[in-house]
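Me: Could you walk me through this one? I'm new to it.

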Amino acid sequence: MGSSSLIVLALAAIVFSAGAMIVSRIFVKRTTNPQKGEPYECGIPTEGSPWKQFSVGYYLFALIFLIFDVELIFLYPWAVVVKRVGWTSLIEIIIFFFILFMGFLYAHKKGALKWM
Amino acid sequence: MWNLAGISESIQNGLNRALSPAWALTVEMIIVGISVIGLFAVLGLILVIMERKVSAYMQVRLGPNRVGPKGMLQSLADTVKLLVKEGLTPDKADKFLFNLAPFIAMIASMLLLVPIGFAKNFQIWDLNIGVLYLAAISSVSVISILMAGWSSNNKYSLLGAMRSGAQIVSYELSAGFSILAIVILSGSLRISDIVMAQENGWWIFKGHIPVLIAFVIFLVAVTAETNRAPFDLAEAESELTAGFHTEYSGMKFALFFLAEYVNVFIVCGIGATLFLGGWMPLHIGTWKAFNHIMDYIPSSIWFFGKTFFLIFVIMWFRWTFPRLRIDQLLNLEWKYLLPISMVNILLITLVAIMQWHF
């Protein structure tokens, strides 16, 4: 169908979700109660705001992920031509992986992969 | 009835005869949109009842058996129930992001349907970078999860979203590597080319042990990417109530739920396409007669059969393995799966260059 299918499908998703919400709004019987708007916390009043610091470990993993993800994108064009290029491609990728693996080992040594 | 490509072609011919080209295209777009919505809804209903029935029989009980024959209409009844439930928005939540998140989840999983080949010559758009497109769009869904968790203003939601973000981005790497293995072997990013490359046997049979390793890694990684047990830390109900969708209720929750189940279908469809030949019937090398017999089974049945088999395997995982802890989960990815899949890529390159595959 060509590239217009992307717009069609995105629109279909929006129409479907919005339609479902509108239909449910028609059927729903709304009631108001001050306690309904409180955060769900097993019946106890919330202590403090959750919008504060959280573990730095998540950032570390996200940073390492970024390196590997960019490298994965570099590999796609390489993967398409492996069969045509032959042995040169294997040697090149070994060098590429070697450098990458050194970085990975460095991150491992620094303790970035250890969960705190 | 099962020849989907024939149906789509006859509809297209009929439209072109009856209407001017611009109108024919518009009507075609509307038909595609409606059928995709229908597929979405039907998949959601089928997968929910399948999940409940499979888990019931694995635990030696009957599962839902009241609504409809053998309880098969249970998920329809659940949908009606969710439709009449009030959707709450917490007072302190970031209301814009809170309401936007389910839409993004839906759009991401809807767009993933574009390059999947459901049957022979039956694809919404056979784009030349299909595999790269799938890898790119599938990482959008993590944004919706982070958005939902952050905007809810609830500690459980935030923790669940953070965990699921770390988990999804980590396992995306090994999923990407195992997809890359098939790209190396078939030498194309186009989904139809990858399927045609399996005409004389599926890659899982043709590619020796490296492809088997890649297949196992792919299954593990997509189980983690779709947040399913044993990797369902994002919604570990015993510690985080419901994870990132704790505050969601009514139709917004239903949309998240639907997107999650359709994502399971899509990743299994990708796995079936790459490793098990997609719509390609079971062919063995040059056995002409055998291949010809297999061709009599329609290609759409092959695709959906393989996909639902993989979905069953993923449901089977859920009742076989206990849930991992977050540090075990990240260790498994970064210290085992990632190095293994990097070495595996080198092995597959060797196989591809030496032409060792059949």
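Reply: Helices here are DSSP runs (H or I, at least four residues), strands are E runs of at least two, and both are numbered from the N terminus. This is a predicted model, where local features need pLDDT of at least 70, side-chain atom pairs count only at pLDDT 80 or more, and totals for chains, interfaces and linings use all residues. Residues are numbered from 1 along each chain as its sequence is written, and chains are lettered from A and ligands numbered from 1 in the order written.

Me: Which helix does Ile31(B) lie in?
Reply: Helix 2 of chain B spans 21-58 and is among the elements giving two or more residues to the side that touches chain A. Ile31(B) lies in helix 2 of chain B.

Me: Is Ile31(B) buried, exposed or partly exposed?
Reply: Buried takes 20 or more other C-beta atoms within 10 Å of a residue's own, exposed takes 12 or fewer, and partly exposed is in between, with C-beta atoms placed from the backbone. Ile31(B) has 15 of them within 10 Å, so it is partly exposed.

Me: Which helix gives the most to the side of chain B that touches chain A?
Reply: Contact means C-beta atoms, placed from the backbone, within 7 Å. The contact takes 59 residues from chain B and 51 residues from chain A. With 12 residues, the one giving the most on chain B's side is helix 7 of chain B.

Me: How far apart are the centres of the two domains of chain B?
Reply: An automatic or database domain assignment sets the bounds, giving domain 1 (1-84) and domain 2 (89-354). Taken over C-alpha atoms, their centres are separated by 20 Å.

Notes:
Two residues are in contact if their C-beta atoms, placed from the backbone, lie within 7 Å.
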